[in-house]
Amino acid sequence: MRDHSDLQDMNARSLAQQASVRRATFDPGIVKALRPFSIWEISQFMFDIPPDTLRKKLAEDPALPQGETQDDGRQRWFSLKEINELRRRLRFRGKTLLPRRPDGRAIRVAVSNFKGGVGKTVVAQHLANAAALDGYRVLCIDFDPQATLTHSMGLVEVKEGNTVWGIMCRDLCHEADRIMNSYDLPEECPYPASDELPEDVQSIGAQRTQDFIQPTCWPTIDIIPSCANAAFVEFASAQYRALHKAWSFFGCVARYLDELPDDQYDVIIFDCPPAIGYQSLNAAFAADILYIPSGPGYWEYDSTTSYLGQLGDAMEDISDGFGKLAADAGITLPKRFMDIRILMTRFETNNPLHTAMMDAFRNVFGADVCQNPIEMTRAVEQSGRFQMSVYEQDYRQMTRETWKRARQSFDRSYEEFRATMLNAWDRAIETGEM
């Protein structure tokens with residue numbers, strides 16, 4: 001017979017071997033870097049101007065970034081940093097190239113569903129990459145212990161204290177002290193103060209706001225990463241709730257994000273785990289917009305239906321049971337999203353079954369279904385397999401038409417996402433919700 005000690009022993013042996021396995025499978029000298037972008041890409045997909053017009057602007061002002069000419073000697077290639085400088089300094093027909101950014105804090109979008117394989121991480125990654133190429137500053141938060149988004153952004157070594165679990169520990173410490181100090185006589189408080197919490201919680205609770213944020217291979221994308229060791233957050237959070245019954249556990253990430261300067265980021269994107277638990281509820285309560293990816297099959301439809309019901313029930317239970325505690329913690333219940341969108345993924349335009357499922361989704365959910373699905377192409381398939389988005393793939397490594405078709409599919413989805421985001425942002429500012 002085997003019990004928990006066997007699992008712990010297996011874990012200890014695996015951790016001891018982990019470093020050597022990583023060295024054998026990953027070259028420690030290789031660091032993921034973002035590729036440069038050609039004038040053709042910049043002109044057609046980012047600035048929406050003729051390439052010759054951009055070349056003329058560069059020739060007229062040698063002080064502008066000029067890019068580098070690669071081996072073929074014909075095409076100039078620019079880093080994203082150089083592209084962003086061009087955005088700031090160039091105007092075409094009197095119009096700026098900078099994206100529209102309403103006032104206030106960053107807009108927050110949760111990409112969530114508890115069906116595995118529907119493309120949550122692919123969607124989160126591509127929306128983040130597209131927004132960065134559009135000129136926005138992006139923060140990604142990886143809630144998923146599988147850490148696929150974290151790895152795709154070039155991070156490998158992540159400590160669990162720097163993940164969402166760390167943010168929850170920090171929040172528990174801060175909330176414990178706030179609740180203690182709300183009593184005229186602290187000794188009358190029936191809940192523990194931060195110095196009465198477990199030592200590991202206290203040590204993580206001492207971290208600063210910016211300590212959780214890590215740079216990525218994209219100069220305008222940062223990430224709060226995840227790692228496999230953060231998988232125990234659900235179990236640990238249940239323990240912490242038992243320790244401190246007045247802790248509004250579902251508001252940790254929202255409170256953390258409220259501490260960030262309003263102008264530090266423009267868009268914050270959450271990649272959620274395939275489950276409804278403490279992490280996914282934190283993502284839901286922190287999000288302004290809920291994006292729900294779903295594949296084109298019946299089982300994905302069935303799972304999406306279940307997800308909507310279970311998330312709705314969980315949020316209702318919290319609204320009914322935590323009203324006063326939430327109000328004291330500055331959380332408004334019931335939680336309201338500015339928008340909820342369902343995005344079809346892995347869609348094949350010539351597949352009648354996929355078309356039928358799209359019709360079924362639209363028949364049930366109406367305008368909440370995105371008009372532009374993510375189409376399944378070779379480039380999209382490779383993006384999931386190699387953890388490299390279509391935007392990161394070099395079109396010279398495949399036929400240009402294959403790459404262009406995949407890019408245009410994501411661009412159409414992103415343009416719809418941007419419109420949803422900006423409309424929600426404007427409404428929130430008008431109503432004073434942001």
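Mentor: Let us begin with a pair of helices. V164, I167, M168, R170, D171, H174 and E175 in α7 meet C252, V253, R255, Y256 and E259 in α10. The residues of this contact divide into 6 nonpolar, 1 polar and 5 charged. This is a predicted model, in which local features need pLDDT of at least 70 and side-chain atom pairs count only at pLDDT 80 or more, while totals for chains, interfaces and linings use all residues. Residues are numbered from 1 along each chain as its sequence is written, and side-chain values use heavy atoms, with hydrogens and water left out.

Trainee: What makes a residue a member of such a contact, and what makes it nonpolar, polar or charged?

Mentor: Contact means heavy atoms within 4.5 Å. Ala, Val, Leu, Ile, Met, Phe, Trp, Tyr, Cys and Pro count as nonpolar, Asp, Glu, Lys and Arg as charged, and the others, Gly among them, as polar. Helices (H or I, at least four residues) and strands (E, at least two) are DSSP runs, numbered from the N terminus. The protein has 16 helices and 12 strands.

Trainee: Why are α7 and α10 called roughly perpendicular?

Mentor: Two packed helices are described by the angle between their axes and the distance between the axes. Axes are lines fitted to C-alpha atoms, for helices over the stretch in contact, and angles run from 0 to 180 degrees between N-to-C directions. The axes of α7 (residues 164-181) and α10 (residues 252-259) come within 9 Å and cross at roughly 85°. Angles under 35 degrees count as roughly parallel, over 145 as roughly antiparallel, 65 to 115 as roughly perpendicular and the rest as oblique. The two helices are therefore roughly perpendicular to each other.

Trainee: How do you know that M168 is buried?

Mentor: Buried means under 20% relative accessible area, exposed over 50%, and partly exposed in between (1.4 Å probe, protein chains only). M168, in helix α7, has a relative accessibility of 1% and so counts as buried. Not counting residues up to four places away in sequence, M168 touches V233, S237, W247, F249, C252, Y278 and N282.

Trainee: What makes W403 and S413 buried?

Mentor: W403 lies in helix α16, and its relative accessibility is 0%, so W403 counts as buried. Leaving aside neighbours within four places in sequence, W403 is in contact with R35, W40, E41, F45, V390, Q393, Y395 and M398. The C-alpha atoms of W403 and V390, 13 residues apart along the chain, are separated by 7.4 Å. S413 is also placed in α16 (residues 400-431), and at 6% relative accessibility S413 counts as buried. With the neighbours within four places in sequence set aside, S413 is in contact with L343, N372, P373 and I374. Of the 434 residues of the protein, 51% count as buried.

Trainee: Why are the buried residues of α4 said to be on the same side?

Mentor: The buried residues of α4 (residues 80-89) are L80, I83, N84, L86 and R87. They cover an arc of only 155° around the axis, which puts them on the same side of α4. The arc is that of the directions from the helix axis to the C-beta atoms. The face turned away from the buried side carries the exposed residues K81 and R88.

Trainee: What makes a set of residues a nonpolar core?

Mentor: A nonpolar core is a set of buried Ala, Val, Leu, Ile, Met, Phe, Trp, Tyr and Cys residues joined through side-chain atoms within 4.5 Å. Of the 66 residues in the largest one, F47, L54, M153, W218 and Y291 touch the most other members. Helix α16 gives the most to this core, with 10 residues. Apart from it lies another core, of 62 residues, among them A287, L311, F322 and V369.

Trainee: Why are D48 and R93 called exposed?

Mentor: D48, in the loop between α2 and α3, has a relative accessible area of 66% and is therefore exposed. R93, in the loop between β4 (91-92) and β5, has a relative accessible area of 86%, so R93 is exposed. Phi of D48 is near 55°, a positive value in a residue other than glycine, and phi of R93 is also near 55°. Most residues other than glycine have a negative phi, and most peptide bonds are trans. A cis peptide bond joins L333 and P334, with omega about 0°.
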